[in-house]
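Okay, everyone, thanks for making time. I'd like to walk you through one model, so let me put it up on the screen.

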Amino acid sequence: MNGWTGKLLRVNLTTGQSAVESSEKYFDYIGGKGMANRIIYEEVPNGTEPTAPESKIVMAIGPNTGTNAPCSGRTTLAFLSPFTKYNAIVDAHVGGDTAVMLKGCGFDAMIIEGVASGPAYIKVVDDEVSVEDASGLWGKTTTETTAALCEKHGAGVNVMSIGKAGENLLNLSCVISGVAHSAGGGLGKLFGAKKLKAIVLYGKKATKVADPKRLMELNNYIMSDLMGANNNHVVPTVPQSWAQYSNKSTRWTGHPGLTWGAAEGGPIDTGESAPGQPTLMGYRTQKAVFDHGPVAEKYTVKMVGCTSCPIRCYGGVNVPMLEGVTPNTTHANTCIGNRPYVGLLKNYQDVHDEGDGKLTAGVYSAILADDYGLWDNYGELNATLNYFINNGLMEKIMTPEQYNEIDWTKRDTGDMTFIKDILERVVDGKHPLSTLAQGAYYVDQQYHDLLGDDYLNSSAMTLWGLIGAKRHHGNECAAQVGMLTNIIYNRDGMCHTIVNITGSGLPYEIQRNIVEEHFGEGCLDKPRNYTRMNEAKARFAKFGVVRQVLHDSFTLCNWVWPMTFSPRKERGYKGDLSAEAKLMSAVTGTEWTEEELDFAAERVIQLHRAMTVKSVGSRDMRNLHDVIPEYAYNTEPDVPVFTEGTVKMEKEDWQLALGMFYQQFGWDEQGSPTRETLEKFGLGDVADDLAASNLL
Amino acid sequence: MSKGIMNREYTRREFMKLTGKGMAGVALSSSLLKLFDCTQAQAESGQVKVYPNSEYVLVVNKAKCTGCQRCEVNCTLTNDGKAQPYLSRINARDNFQFGPKVSENYLTAAGFFGNWSVEPATCHQCENAPCMLACPVGAIYPDPLTSVRLLDQDKCIGCGACVAACPFGMPKIDPDNGKSTKCIACGACVAGCPTSALKIVLWDEIAAAM
């Protein structure tokens, strides 16, 4: 068998037993998210409490995982959300080494069920599967846990583990893989509820591919002709000898004179790496500088990232200012993970250079959060903590003694230990501050008398939806298109298909002309100069989520894929949207077209939507699920909607947008899949299921 | 033996005299530094490791290695027709987190959990190759032109003598075909490195730079 392994592993923590089963019946769902969602659908009854013994966790990879296709080292974990309204299906996506190791063990998926009698970890080394005692690890940080298990089972094993946040059953908890690769969505709580401290993976088996020569040629084509930098930004930030354009906002930050300043043996210049130089493309993204600012250059050791990825988006820094403050002075992460709680401080204490105080506090908070296994929910936890502080609510949720224990002046003076003062109480599990790590919906439920309707609707929170999910590239990105990509999910959207286009660095006219070829005139508005909804935008938004789901199932990294654009002028900057289908064909030996692969990905979306309808318990998704907060309509109050200078939405237009989006997927006016649509995708059993629940 | 090979052999011996037990502490000419794409400080601090064979020098720059492991799968796609890092003739997967083993001071030692230094292990193409000497059927043999130790897959019986003999733990026996995965210096690992942490430098180029 090529691509897939054809096997899935079932581990029961209650009995300590495991079983190997065929995974072939799930191939219609590609793998990864699709496979994991279908297994949850079949095996976890609707209405199950996420932390109940009957609840399950499914981690899955796809036919492309482990083939060395660029950015194919991603794993998807599916489970019921503990932190958003309706406790519907969510996915966590994690990189690092996990995906390749699971494939090497010979499995497309692992189903984790039951509850261990005491702290336990799962060890999978090829075919050898066991549930081991983790009593000695409970209470340890994720770093300590990983080191202990690597010492015991080999320095190269992959370890996924939880910290205090998961152990203490916080909704906003994650699982950390290796260094700083986080599987969020509240997964840490599900691990904690199952007494599952960690998973150890080490695999030696092959991923068989039908045509290795074609695959290697494709990899070279993708890296030479299609890929740019992180988020597939195809324009460098500063002018380069080969480049027609430059754009200060992109992630192609590497350029002559910018270095990995703290590299062993002296700075390494990131230089020029023109298209067609795949052996230099790892220097294109100097992510530490992008995330922390120019001051980070001299502390940058190197870029790191996931297995098989040539982009390297994790900025690895060594911050000597943390000597004696944290167990180690090095850390790497990307985007918000580099500075998750730095916003708790009003000021920063610079030591040597302007800006190094903020850098130090950012890395400090990242080290703490990862060791606790605390999930920031794309900044929501930080926003909630600040919301309560700024609105004088902390005094109301704590006793006077608890409140006075905290030195709040540190926040004003920029003493970064304030972050630890807060976070150690958050992860405690019993302290009132722990209640702020439930996710915005449950925070609102508990404190609605204090919060009224303002909190969930506030621009300080920037949720995409009142179910308590954070906006993750929404209306600030291509207007209705960006916001629509969020509503599919029961957590933050994480769709990067669209933002990779708008952030590519290419002039707007080039972006528009290329995407209009695919989706029609009017699909892409000018930044902050939006027009009313139209059908082309609905097609564009659908493409965004279809490709995201394809990537989470195949697997590929949607933080880079798809290849909509190219950095090559001679291609007219056009990418190749059939690249995934070409990879699928080379790997599996069956010829796939772009349309066929998109259809398979859409099947996964249809299933996901039907599962969400079941969890909501109503067909009226328009009014119960797909509801965006008031701030989206009220932002920039002095600028009229649909004029230059605002990203605000309009209520009537949003309802129009929802209707057009639903039509694209074959859903009814309420946003629920019809029988005809479900049967078109071979989901007749799901239609019957919905009908039996009066949801069709 | 051709004049070219004699010159190459002379250069190799001179280079070996220069680098001896490694690159740390070796003063390299600016031409060699340029050729190896490294700095004197990197060489002196032990970040640069060289694997000379009869054909070329494989330069491994630990400061540039980002642990992506693309080298490993490029190796097995090229040589084994499948993606199987375990069989790879270059190995970063087992040491990128902590170095070869977890030490007490792992937070400051090699690897992602420490100082980020990553050293992929690979075949040394030893002059008196223990794998070649151990092979009971002569399946590992020196290339008559380059002296690189090659593998005759038809002769290999998969006995594992090369695996046991290699002091660096590099060859494996492919469970699918029962053949050794002894490195044949094909260079696929180098071609796939996105930060040029791996580099092949030919002896002729070194001769010109020395």
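Some housekeeping. This is a predicted model, where local features need pLDDT of at least 70, side-chain atom pairs count only at pLDDT 80 or more, and totals for chains, interfaces and linings use all residues. Residues are numbered from 1 along each chain as its sequence is written, while chains are lettered from A and ligands numbered from 1 in the order in which they are written.

So, confidence. The predictor gives the complex an ipTM of 0.96 and a pTM of 0.97. Which element of chain B has the lowest mean pLDDT? That's helix α1, residues 3–19, at 68, while β3(B) has the highest, at 98. By the way, helices (H or I, at least four residues) and strands (E, at least two) are DSSP runs, numbered from the N terminus.

I'm calling two residues in contact if their C-beta atoms, placed from the backbone, lie within 7 Å. There are 47 residues from chain A and 43 residues from chain B in it. On the chain A side, α2 (98–104), α3 (142–153), β13 (207–208), α6 (212–226) and β16 (300–304) each bring at least two residues. By class, that side has 22 nonpolar, 18 polar and 7 charged residues. For the classes, Ala, Val, Leu, Ile, Met, Phe, Trp, Tyr, Cys and Pro are nonpolar, Asp, Glu, Lys and Arg are charged, and the others, Gly among them, are polar.

Now back to β3(B), residues 82–83: this strand pairs with β13(A) in the antiparallel sense over 2 bridges, with A:Thr207 partnered by B:Ala83. Pairing here means DSSP finds at least two bridges between the strands.

Next, strand β4 of chain A, residues 75–80. I count a residue as buried if 20 or more other C-beta atoms lie within 10 Å of its own, exposed if 12 or fewer, and partly exposed in between, with C-beta atoms placed from the backbone. In β4(A), 6 of the 6 residues are buried, so the strand is largely enclosed by the rest of the structure. A:Thr75, A:Leu77 and A:Phe79 point one way, and A:Thr76, A:Ala78 and A:Leu80 the other. Its antiparallel neighbours are β3(A), residues 57–60, joined by 3 bridges, and β5(A), residues 89–94, joined by 6. A:Met59 partners A:Leu77, and A:Leu80 stands opposite A:Ile89.

Then there's helix α13(A), residues 417–426, where A:Phe418, A:Ile419, A:Ile422, A:Leu423 and A:Val426 are buried. Looking down the axis, those residues fall within an arc of 120°, so they line one face of the helix; the arc is taken over directions from the helix axis to the C-beta atoms. They pack against α8 (356–372), α9 (380–390) and α12 (409–413) of chain A.

Last stop: is A:Thr643 buried or exposed? With 12 C-beta neighbours inside 10 Å, A:Thr643 counts as exposed. You'll find A:Thr643 in the loop between α23 (631–634) and α24 (651–665) of chain A. A:Thr531 is 112 residues from A:Thr643 in sequence, yet 7.8 Å away in space, C-alpha to C-alpha.

How values were computed. pLDDT is the predictor's confidence in each residue, from 0 to 100.
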